[in-house]
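This report describes one protein chain, beginning with a single residue and ending with the chain overall. Please consult the sequence and the structure while reading.

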Amino acid sequence: MTGPTTSGAALPPTHRPSFFAGQVLAAADLDDAVSVERSRRRLHNRVLHGWGIALGLEVTGARGAKRVAIGAGYALDALGRDLILVDGAESDVPAVAAGPDGGDVVFCLTLRWTEDDEAAVRTRDGACGVVGAVRLADGPTVGWCTPAELRDGLDVLLATVSVRGCALTAPPDPAGRRILAVLPTPYVATGATSAFGTVWSAVEDPASGVVIGLRTVVDTGAAGFGDIPAYTVRLDGDRELSASAAPGGQACVLDGTPYVDSAEPGRMTVVVPLPAGRIGGAAGGTTTLPLNPAVVLADLETPNLVRTELGWHISWMGVEGG
């Protein structure tokens with residue numbers, strides 16, 4: 001079974017109808033406004049959702065019945081067209097006595113888009129004796145076909161049935177229905193610790209006892225995560241420590257790339273590694289400053305300095321589910 005693919009459908013127009021006071025509106029202007037929005041919705045449907053049954057459309061019928069019932073529901077075809085069966089429907093079983101071998105004949109019960117030339121039309125009298133269509137029924141068409149005739153993507157399969165003697169030999173089989181997956185919507189929350197108020201502590205190398213970074217615990221409880229989210233963190237605040245504030249009396253730069261060391265639904269520990277080196281100063285040019293010098297990291301007041309002098313704090317985002 002083959003049929004259209006989402007990549008094979010034409011893209012919608014990119015213009016947007018506009019109107020002005022005093023404009024004489026023709027039927028084509030209003031039709032264009034509707035057509036543009038409809039074609040964009042269909043693009044959205046087929047690219048982001050795919051095709052298949054989204055809601056309802058269950059088929060029922062007992063063995064020996066000559067008619068099946070289809071419940072109300074909603075589906076999309078492969079061109080992104082909405083198939084909305086508002087009140088449900090009933091359909092007579094194909095009038096087939098038996099197959100060539102005297103056995104059952106298999107049929108597919110389908111839902112498809114009703115083309116304009118098939119749709120029920122409501123008309124209205126216009127000016128100067130003109131009569132025109134003002135409503136086209138967009139309800140889908142329920143029909144029967146053989147498995148070989150099924151147009152995958154244009155005919156949305158509701159059920160298959162086995163028929164003999166113009167009646168069902170078994171209840172309708174829903175196994176071949178294509179169900180649109182309902183994707184979970186991720187829950188996203190953001191926050192930040194307070195500038196000049198975030199408490200930091202030293203991270204030491206277990207072997208040498210040398211300070212190699214700083215850590216802080218971030219409270220994310222207000223976000224209300226039910227499970228451990230995927231956290232993303234950023235270090236905010238100044239980086240350059242003045243000579244008057246720096247242990248050792250030399251201006252330097254304190255900086256590192258933060259990462260989440262441990263995470264829970266309501267909190268996480270963020271570590272900022274502080275590798276040594278040199279880096280350009282704020283004035284630019286060829287001047288460089290020590291990056292995370294040992295004399296500064298060894299000072300017991302450094303965790304407090306990044307809070308009070310540099311205002312280090314963490315901005316974060318958590319994504320749960322999806």
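Does Asp236 count as buried or exposed, and at what relative accessibility? Asp236 counts as buried because its relative accessibility is 16%, where buried means under 20% relative accessible area, exposed over 50% and partly exposed in between (1.4 Å probe, protein chains only). The model is predicted: local features need pLDDT of at least 70, side-chain atom pairs count only at pLDDT 80 or more, and totals for chains, interfaces and linings use all residues. Residues are numbered from 1 along each chain as its sequence is written, and side-chain values use heavy atoms, without hydrogens and water.

Asp236 belongs to strand S16, residues 230-236; strands (E, at least two residues) and helices (H or I, at least four) are DSSP runs numbered from the N terminus. Beyond four places in sequence, Asp236 touches Gly311, Trp312, His313 and Ser315, a contact being heavy atoms within 4.5 Å.

Pro265 occupies the loop that links strand S19 (259-264) to strand S20 (267-273). The C-alpha atoms of Pro265 and Phe225 lie 5.3 Å apart, although 40 residues separate the two in sequence. Phe225 is also among the residues that Pro265 touches, including Asp227 and Tyr231.

| Residue | Relative accessibility | Class |
|---|---|---|
| Asp236 | 16% | buried |
| Pro265 | 29% | partly exposed |

The chain as a whole contains three helices and 23 strands. Of its 322 residues, 36% count as buried. Among contacts with a separation of 6 or more, 67% join residues 24 or more positions apart.
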